[in-house]
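Trainee: Could you walk me through this one?
Mentor: Gladly, let us look at it together.

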Amino acid sequence: MKKEVKPISADGLIKFITSERKRLNDEVDDFDDLLYVEPNRYVYEFCYGIYLDGLIAGYLTVNKHNPQHCDKLYVSSLHRRKGLASFAIDEIGILSVWVIEGNTASKAMYMSLGFKTVDKQLDMLVFVRDIKK
């Protein structure tokens, strides 16, 4: 399996999100804020597609002002547990992320990659990566 992370255009991201929403019968509303990207505007500065064998399997967005902070990470349920999320985090060099406190799968993944909880705000945990591995 060939894994890749590369910048994705707004059109490419919208196509992926639209296909995921159809596949999931519109049960996922995680994508709504991403759909407001201007058409034909490349989002190289903050959005990356996560690819498996040449096909898009997810995306990762970074904070424009801090490109080492992950704003969103999504991998299609068809491609989870294949190491794509951790691969993308390592490829981009992510050092911080916010995680919903009850999301045990995400917390476990980030902790396995050397992230530690450093703060809590409402129901969100702030994780930073220990780069002294």
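Mentor: Cysteine 70 counts as buried because its relative accessibility is 2%, where buried means under 20% relative accessible area, exposed over 50% and partly exposed in between, with a 1.4 Å probe and protein chains only. This is a predicted model, in which local features need pLDDT of at least 70 and side-chain atom pairs count only at pLDDT 80 or more, while totals for chains, interfaces and linings use all residues. Residues are numbered from 1 along each chain as its sequence is written, and side-chain values use heavy atoms, with hydrogens and water left out.

Trainee: And cysteine 47, buried or exposed?
Mentor: Cysteine 47 counts as buried, because its relative accessibility is 0%.

Trainee: New topic: which way do β5 and β7 run?
Mentor: Strand β5 and strand β7 (residues 124-129) run antiparallel and are joined by five bridges; strands are DSSP runs of E with at least two residues, helices are runs of H or I with at least four, both numbered from the N terminus, and two strands pair if DSSP finds at least two bridges between them.

Trainee: What stands opposite isoleucine 100?
Mentor: That is methionine 124, in β7.

Trainee: And how do β4 and β5 run?
Mentor: Strand β4 (residues 69-75) and strand β5 (residues 96-100) run parallel, with two bridges between them, and histidine 69 has serine 96 in β5 as its bridge partner.
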